[in-house]
Structures are given as structure tokens and as C-alpha cells.
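These are my notes from going through the structure. I kept to a few stretches and wrote down what I looked up in each.

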Amino acid sequence: MPPEQRINEGHVVETLHGDQSRMWRAKPLHWMSLLSMIVVEIGLTAALVVLLFLSTRWKGFVAIGGDFDFSLGVNSLHVRRTFGKSFLWTSLPAFLMTLFSLGFAAIVGSYSEELPYRNLLEGGSIDRTVCLDYRRYPAFYKYWPAWKNRNMTLGFGAFLSFLTTIVLVPIAAHLFQPIYPSFVTDTNFSVVSSYNASSLPAIVDYAPIIGIVAAVRVYGGKWPKWTDGAYAVAEHGVPIDLASNLNLTEMQINATGYSASLQCRIMSEYSLARNPASGGTAILALDALDMGCNISLTAGVGPGNDIYLASVSNTNCPEGSGTSRIAFLAGRYSTSSIYLLEDINVIACTPSYAQTSGKIFSPPGFDSISFEPSPSISEMRPDNWMLFEKQLVTLSNIGNNNSPDFTSQFGQLILDVAKFKDASLVLDTVTLLATIPNVFQSIYAILARTRMFTELPNDQTTTNAGNVTYSESRLATVSWSIDITIAIIAALTVFTVWLAILVPRKKPMLPEEPRGILSGAALLADGNLQQHIHETEWRVQYGGRLHKWMKHKYVLGEERCTIDEHGIINVSGLQDRPPEREKKTSASSSSAA
């Protein structure tokens, strides 16, 4: 800018603002409006960052209650509606973001309307001053003509305003979403019953116990309370210090489990005899020695059954050791075999009884549990363990008592479970070695749970430590939409701060608010632009299209529109466009030359 022009512009600005209090500027561009928008933008960004941090750290930033009712009664008319709270994190954020985008669009729109007047102070062509009007461009591409006119600030502002409309407002409805995380809190559980090793009766009816095991392991039933089929545990009560509205999902209790197990192995050395030596039925006598323990089993076979499994118990093995053996003889009936059995398996098992520390895992209500043992195991034999083993293996034979079948209810249960696993591998050695201990363990767990726990008096109850897992409906941020929103609002903040610095650099030049056509006439009333458009040609030949006529009449682009100290707009350097004929003649002359 030449020095004399800069001096003239300063003189014009000084003259125009002799009475600054009377000059007008759009309210969205006032420092208070811009400052308020900056505060709102910074506040929104800070709030979203804090909510994102809290949501990540605490699995959601606030708990969500239930729906709420709205009731309205007018005379006899009563209306009651139930409203979900989801509108608080869907419709409400979208509504607030719409208000925010309207405020930012008002600032950008006011700046675009003031831009032609700002250009007049610097001086510029007709197209960048008196003919510049960005209101004629739709919002979704207003930024493009602004960039073409080198109005970079307005271009970025219009682009950001466009983004707030098509991006910020739609994703505002997806800034938050309900989640259902799990939380764990420590608590104490009251112990309602205790294990009593001496409470096992001398005579027990094992048929119902075997029936329970069969119902679960063969037919898919559920274990009774306070056992998982492997361990029996004491009954516990629900903690009374928990809030009643907690949505419990799991309980964990530090407890002791009681169980029995069998260590089984296949016997390869044994003697087997039959009596009589011929015929389709016979009494088999099995003798074997397992680590110093004598095993003797006598039972009959015949065509009554296809598969046989006999069991026997020796509860003083070796004598005075306090240990025992349970042995099994299994085979498939076959008249072609010398012993009327083929696929013979002789299995010896050593029982053991233990109490194990561990954790009870249970859903609310304790309808079913699972016990997870720890490595801490100690022996815990019930007082009548010998009677238990003897009664279990001799429990009433299947079928007719006069039949030579020797499969007891215990043996039949083992066969049924093995058949349930794989009917073709019932007598497979690996299958039997896995099935026998499982069935024995389940029988003892049911026996212990139903016969060996006694209820504690109210004044003798104790507590076990544990914890509960509960889920809570909480509101959390959606990370991708929050990230996009924060990035856009941060860009809006930078733009607004820049505008707050840029706008005050040039004082307002309008004495009053522009009011339609009359305001434009007032600004051009005494300017010398009138002498260039007084002709009636643009009305007659161009149908009132003044700008089109001027582009045809004058060479636009090199002229300069300015405003003087009296607020009058003048144009200088406006040159007539040469006639088309003269151009052609000049072109022909040049060609001839």
C-alpha cells in the first residue's frame, strides 16, 4: 500500500470515528459476544475431556436410574406418561449442539456481511466491495467463493460452520451411551451350617443319592444347593449390608470344601476262576494284590446282561494302615470266552477324603455353585467312612436277586455315565479310569451335603469373607464421537479467538444498522458511482441487470472503490471496455502486420 494511500485511509478512519459511540457493528461481532462464544467453546471442550477421562477411569461417569413418570391432572382428566431418560443423552445434546452451531453461524454470517465494508477501508475492486455479498451463496459451499476471493478467514469460518451443521449436530446424539459394567465390592457372608465328620449315620439309603447323581450326570439336571458334584460346602446367607437395589451377578465366598476322590489304576496281574467250568452261567472268583492289599471278588455272570461291572471294598488294607481299596471287575458277556467275559478290566482304586480351602462362586440366590479349590488340602475322613464304602459297593443288585447278574447300583451308575459319554467306549480302559473317580466323588459330595452338615444356632453363626460382583447401568462416552467433537470445537475456538483479535483492528464504519435497500441507497447517494450508472442502457438492453451491464461496459478488476471521510463511497480507475468491433479490427491489423 503506497504511503499516501495509508495516510488517506488513516484520515478516513479517524474522521469516520469522531463519535465512536454512534457507529454500528453487528452484535455477534461485539467483544462480549465473541468472548461469550470463546467461554462456551472452552467450557464444552473441557467438559467433554473431563467426561471422557471419568468415563474411561470409572467405567462410565454417572449411574443411570430408571424411567420417571410424569402426571398431570386437570379436573377429571388425568394423564400419566412414563418417559425414558435416554433423551437426556440423545435428543438433549443434539438440541444444545444445534443452539451452539446457530451461535457460531451468526458470528460467521455477521463477519461475512461486514467484510465488504472492511474492504472499502483498504480499497478494492467493485467485486470485492460494493458488489460483494456472501449471503447469496448457500451455506454448504460458501467457503469456496470466500477462498477464491482470498478472504481466507471467512473461508475457514464458513467451512467450520458447515462442519458444525453436518457433523457436530448429528453425532451429538451419539456422544454418550449406556453401558453395564461390573463392579466388585468386599463383604462378609454369614455361615449357616458347619461340617460334622461324626454326623454320618451308620446306615444310609444310597438309592436317592445315586438317583441324584444319575439325574445330573446322565440326564442334565442341576446339583442340589451348596454342592457342585465335586465338593460339598457349608450353607451361607446373603449379606444384609448390601443395598437392596444392587443388580448382583455373582458372589464369591472364601470357604472350605469337603470331597472324596479315588486314585485308580489298571491291574495287569490277577487270577480269575469260574465255577462251574462249563455252561452259560458261572460264578467268577477274582484274586489280586495291589500294593500289599488283598482284593477278593466273587460274583456270577450269565446271559441276563450284556455288560457287567462288579465292585468290592477292602477297608483294612494293608491291615492296620487306616487305608482302603475299592476294586472293579468289568467285562462284556461272551459264551466264547473261557470266563464268559471279554474286554475284561480289573481296576483298583485308593479312596481319600479331604477338606480344601477355596472359593465358592455362585449367582444370586445360590441356586447353583461352583467351588474352586486352592492348593491347601488336608485329610478329613468321616467317622463312618468304612461303612460308607462297604454299603456303596454292595447296594442291591440290579434286576432279579436270583439272577447271577453282579452289577450293583453303584456299578450301573458308572456304566450309565460312561455310556452317556460314548456308548461305543463303555468298557474302554481310559473311559472307566476317568468315569469311576467322577461318580465316586459326586456320590460323596451329595452324601456330605445332605448328611454331614448341621445347622448352626443363631447365636453361634460365624462369617466368611468374600465379595459380590454387581452390574450397574452407567452413562459412558463414545470415544470416536467425543474425539471428533473435541477436535471440531477446538478448531472453532481457535477461529473465534482469531476473530476476536482481527475484528477490533478495524473500527465499525456504519453510523446505523443497515436496513435493506434504503441503507444501500444512503451509502451510494453522493458517491461518484452514480455518474457511471445513470445511463438507461442497463435498464433497457439488460433488463435491469446492472452488474452484468457493468461487466460488459467497463473493464472490472483494476478499478478501486474507497470511502472518504464523510462516509461517501467513490470509485476510481473505472475504464470503458473497448467495443468488440474495435477488438476484431485490431486483431486483423495485427495479423496483416
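This is a predicted model: local features need pLDDT of at least 70, side-chain atom pairs count only at pLDDT 80 or more; totals for chains, interfaces and linings use all residues.

I took buried to mean under 20% relative accessible area, exposed over 50%, and partly exposed in between (1.4 Å probe, protein chains only). Residues are numbered from 1 along each chain as its sequence is written, and side-chain values use heavy atoms, without hydrogens or water.

I took helices (H or I, at least four residues) and strands (E, at least two) as DSSP runs numbered from the N terminus. Which residues of β19 are on its covered face? I found Cys-561 and Ile-563 there, with Arg-560 and Thr-562 on the uncovered one. In a regular strand the side chains alternate between the two faces of the sheet. I counted strands as paired if DSSP finds at least two bridges between them. β19 (560-563) pairs antiparallel with β20 (569-572) over four bridges, and Ile-563 is opposite Ile-569. Five residues lie between the two strands, and Gly-567 in this hairpin has a positive phi near 80°.

Entry 2, a sheet. I traced an open antiparallel sheet of three strands, ordered β8-β9-β10. β8 (271-275) and β10 (293-301) are at the edges with a single partner strand each, so one side of each has no neighbour in the sheet. I noted five bridges between β8 and β9 (282-290), and Asn-275 has Ile-283 of β9 as its bridge partner.

I located Arg-25 in the loop between α1 (3-16) and α2 (31-58). Is Arg-25 buried or exposed? Its relative accessibility is 11%, so I logged Arg-25 as buried. For contact I used heavy atoms within 4.5 Å. Leaving out residues up to four places away in sequence, Arg-25 touches His-30, Glu-114, Arg-118, Val-503, Pro-504, Lys-506, Lys-507 and Pro-508.

In α7 (385-393) I listed Trp-385, Phe-388, Glu-389, Gln-391, Leu-392 and Val-393 as buried. The buried residues of α7 pack against several elements, among them α6 (207-217), β13 (341-362) and α9 (429-451).

I placed Phe-87 in the loop between β3 (77-83) and α3 (91-122). Phe-87 has 37% relative accessibility, so I put it down as partly exposed.
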